[in-house]
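Please consider the sequence and the model shown here before reading on. The paragraphs that follow lead through selected parts of the structure in turn.

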Amino acid sequence: MEAKKRYKKPDAIRQLEDEMFEIKKLKYRDNPYLVKHQYTDKTANGLTRAIIDFVKLRGGQAERISTTGRPIDRRQTYTDVVGMRRTIGSIEWIKGTSTKGSADISATIAGRSVKIEVKILADRQSEAQKQYQADIENAGGLYYIAKDFTSFVEWYYQTFGKGSNNG
């Protein structure tokens, strides 16, 4: 049986943690109990958070796009004859109004519209996501599929350079 490969935090993630900690130290000069924010690129949520913070740190705008719809809570709580509180019903999800296949992150970097799709491990683009990518690129926007933070940082610097406002 093969041993599970242990996650090794990439240098790019460590550098982001250091940069964010330096900003925190400047913002909260008198606080001796500051703790470094921990980032990871081994989960989709972790990679998304790291990309958004990286873009913002370099003067861009970035936000997570939620396409899950919205919940409608159909649960009811009552007290039975014995005095026990019981909840019946369920939460129902209704379809969202976002564009089918939307990317996980919408950003503006150096005046360019950038859409970033986060894909971890064996996760692949759906047909709707491929169509969305084509629509963005045909309109002159940039589309990037982020599989890990190090590759994203390399793409970012190759695309936008390392200047003060955009890299």
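**Loops, helices and their contacts**

Leucine 121 is located in the loop between strand 7 and helix 3 (127–138); helices (H or I, at least four residues) and strands (E, at least two) are DSSP runs, numbered from the N terminus. This is a predicted model, in which local features need pLDDT of at least 70 and side-chain atom pairs count only at pLDDT 80 or more, while totals for chains, interfaces and linings use all residues. Residues are numbered from 1 along each chain as its sequence is written, and side-chain values use heavy atoms, with hydrogens and water left out.

Leucine 121 has a positive phi near 55° although the residue is not glycine. Its relative accessibility is 78%, so leucine 121 counts as exposed; buried means under 20% relative accessible area, exposed over 50%, and partly exposed in between (1.4 Å probe, protein chains only). Another positive phi, about 50°, is found at alanine 110, which is not a glycine either. Alanine 110 belongs to the loop between strand 6 and strand 7 (112–118) and is partly exposed, with a relative accessible area of 48%.

The loop between strand 5 (91–94) and strand 6 (105–109) contains serine 102. Serine 102 has a relative accessible area of 12% and is therefore buried. Its side chain reaches the backbone oxygen of threonine 99 at 2.7 Å. Apart from neighbours within four places in sequence, serine 102 is in contact (heavy atoms within 4.5 Å) with Ile65, Thr67, Glu117 and Tyr132. Serine 98 also lies in the loop between strand 5 and strand 6, and is partly exposed, with a relative accessible area of 32%. With neighbours within four places again set aside, serine 98 is in contact with Ser66 and Thr67. Serine 98 and glycine 69 are 29 residues apart along the chain, and their C-alpha atoms are separated by 8.2 Å.

The helices come next. Two packed helices are described by the angle between their axes and the distance between the axes. Axes are lines fitted to C-alpha atoms, for helices over the stretch in contact, and angles run from 0 to 180 degrees between N-to-C directions.

The axes of helix 1 (residues 11–27) and helix 2 (residues 44–57) cross at roughly 55° and come within 11 Å. Helix 1 is therefore oblique to helix 2, given that angles under 35 degrees count as roughly parallel, over 145 as roughly antiparallel, 65 to 115 as roughly perpendicular and the rest as oblique. On the helix 1 side, the contact is made by Ile13, Leu16, Glu19, Met20 and Ile23, and on the helix 2 side by Ala50, Asp53, Phe54 and Leu57. These residues divide into 7 nonpolar, no polar and 2 charged; Ala, Val, Leu, Ile, Met, Phe, Trp, Tyr, Cys and Pro count as nonpolar, Asp, Glu, Lys and Arg as charged, and the others, Gly among them, as polar.

Helix 2 also packs with helix 4, at an angle of about 25° and with the axes 10 Å apart. Helix 2 is therefore roughly parallel to helix 4. Leu47, Ala50, Ile51, Phe54 and Val55 of helix 2 meet Phe149, Phe152, Val153, Tyr156 and Tyr157 of helix 4. By class, this contact has 10 nonpolar, no polar and no charged residues.

Valine 153 is part of helix 4 (residues 149–160). At 11% relative accessibility, valine 153 is classed as buried. Not counting residues up to four places away in sequence, valine 153 touches Ala12 and Phe54.

Methods
A polar contact is a pair of N or O atoms within 3.5 Å; within protein, one must be able to donate a hydrogen and the other to accept it, and residues adjacent in sequence count only if both atoms are side-chain atoms.
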